[in-house]
Amino acid sequence: MILKDLFQYFSEFVPVAVLADTFQSSTGAPYDSLKTLVMRQADTARTLPGIRSFIIGVDAEAVRQKISQADGTFLFIEYSNVASRIDARTDRKEDRLHVAVTVATPIPSDWDQPAVLLSNDSCLEMMKAIRDALRDDRTADGRIQWCEFPATLSPFYSRALANSSGWSMEFDVLGYDIV
């Protein structure tokens, strides 16, 4: 369920109106349950009003297609490796899920360098807000620590992804028996 938890956690940074566009079709009860849970949340202080699209996944073609349809700045969550080990002191399994979070904007061909710089600065401010929230966030049961520092922030640019530019942050989510 860690991927569902990941979706739900990062959806908190996305305006509810944008989330409504994220859910396109139902695939059954688990889908409908997740949609109900996510759509029930109201915009909060951590919601980033500049986010216009929310994308999560690892399928490069599906991600490219979603980003090419993005109408403004997007939040993209990508997950990869899970490393597990047994903590001998507590005899419980620690799982670390590697995550990359990207805040970027498709850059129109007529933008000059100052326009791109200002867009990147805005993306960096949103990334900072996400990183600041991640710093202390844990699930209520203490099972998941959303960011095990260090976290690495890097400029992001991809011509293949709608000429997008912004910032990415890589880190591990630490959890106990999450996989």
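Trainee: How do the residues in the lining of the largest pocket divide into nonpolar, polar and charged?

Mentor: The general idea comes first. Rolling a probe the size of a water molecule over the atoms shows where empty space is left. In this predicted model, the lining of the largest pocket has 15 nonpolar, six polar and six charged residues.

Trainee: What volume does the largest pocket have?

Mentor: Its volume is about 720 Å³. The lining is made of 27 residues, and the closest to the pocket centre are Thr-22, Phe-54, Ile-55, Ile-56 and Lys-66.

Trainee: Which elements give two or more residues to that lining?

Mentor: Follow the chain and you will find helix H1 (2-11), helix H2 (16-22), helix H3 (29-40), strand E1 (53-56) and helix H4 (60-68).

Trainee: How much space lies in the second largest pocket?

Mentor: That one holds about 190 Å³. Here 15 residues form the lining, with Phe-76, Glu-78, Thr-102, Phe-156 and Leu-161 the closest to the centre. By type, the lining residues of the second largest pocket are seven nonpolar, five polar and three charged.

Trainee: Which elements each supply at least two residues there?

Mentor: Helix H4 does, along with strand E2 (74-87), strand E3 (92-106), strand E4 (144-158) and strand E5 (164-176). E4 provides the largest share, three residues.

Trainee: Let's step back to the whole chain. How many helices and strands does the protein chain have?

Mentor: There are five helices and five strands. Reading from the N terminus, their order is α-α-α-β-α-β-β-α-β-β.

Trainee: What percentage of the residues is buried?

Mentor: Buried residues are 41% of the 179 in the chain.

Trainee: Could we look at single residues? Is Thr-73 buried or exposed?

Mentor: Find Thr-73 in the loop between H4 and E2. The cut-off for buried is under 20% relative accessible area. Thr-73 has 11%, so this residue counts as buried.

Trainee: Which residues does Thr-73 touch, leaving out those up to four places away in sequence?

Mentor: Its partners are Gly-50, Ile-51, Arg-52, Ser-53, Val-103, Ala-104, Thr-105, Cys-123 and Met-126.

Trainee: And where is the place of Phe-23?

Mentor: Look in the loop between H2 and H3. Phe-23 has 9% relative accessibility, so Phe-23 is buried. Leaving out residues up to four places away in sequence, Phe-23 touches Phe-7, Tyr-31, Leu-34, Lys-35, Val-38 and Met-39. Take Lys-35 as one of these contacts: Phe-23 and Lys-35 are 12 residues apart along the chain, while their C-alpha atoms are separated by 7.0 Å.

Trainee: Now for charges. How many salt bridges are there?

Mentor: Side chains of opposite charge can pair when their charged atoms come close. In this structure the count comes to 13 salt bridges.

Trainee: Which residue forms a salt bridge with Asp-177?

Mentor: The partner is Lys-93, and the closest N and O atoms are 3.9 Å apart. This pair links distant parts of the chain, since Asp-177 sits in the segment after E5 and Lys-93 in strand E3, 84 residues apart. Asp-177 is partly exposed, at 48% relative accessibility.

Trainee: What is the N to O distance in the salt bridge of Arg-131 and Asp-132?

Mentor: For this pair the N to O distance is 3.9 Å. Arg-131 is partly exposed at 28%, and Asp-132 is partly exposed at 38%.

Trainee: How far apart are the closest N and O atoms of Asp-141 and Arg-143?

Mentor: In this salt bridge they are 3.5 Å apart. Asp-141 is exposed, with a relative accessible area of 56%, whereas Arg-143 is partly exposed, at 29%.

Trainee: Which residues are linked in a network of salt bridges?

Mentor: Arg-85, Glu-94, Arg-96 and Glu-148 form that network.

Technical notes. Residues are numbered from 1 along each chain as its sequence is written. This is a predicted model: local features need pLDDT of at least 70, side-chain atom pairs count only at pLDDT 80 or more; totals for chains, interfaces and linings use all residues. Side-chain values use heavy atoms; hydrogens and water are left out. On a 1 Å grid over the protein atoms alone, a cavity is a set of points where a 1.4 Å probe fits but cannot get out, and a pocket is an open set with protein on both sides within 12 Å along at least five of seven lines; lining residues have an atom within 4 Å of a point. Grid points are joined across faces, edges and corners, and a volume is the space filled by probe spheres set on the points. Helices (H or I, at least four residues) and strands (E, at least two) are DSSP runs, numbered from the N terminus. Ala, Val, Leu, Ile, Met, Phe, Trp, Tyr, Cys and Pro count as nonpolar, Asp, Glu, Lys and Arg as charged, and the others, Gly among them, as polar. A salt bridge is a side-chain nitrogen of Lys or Arg within 4 Å of a carboxyl oxygen of Asp or Glu. Buried means under 20% relative accessible area, exposed over 50%, partly exposed in between (1.4 Å probe, protein chains only). Contact means heavy atoms within 4.5 Å.
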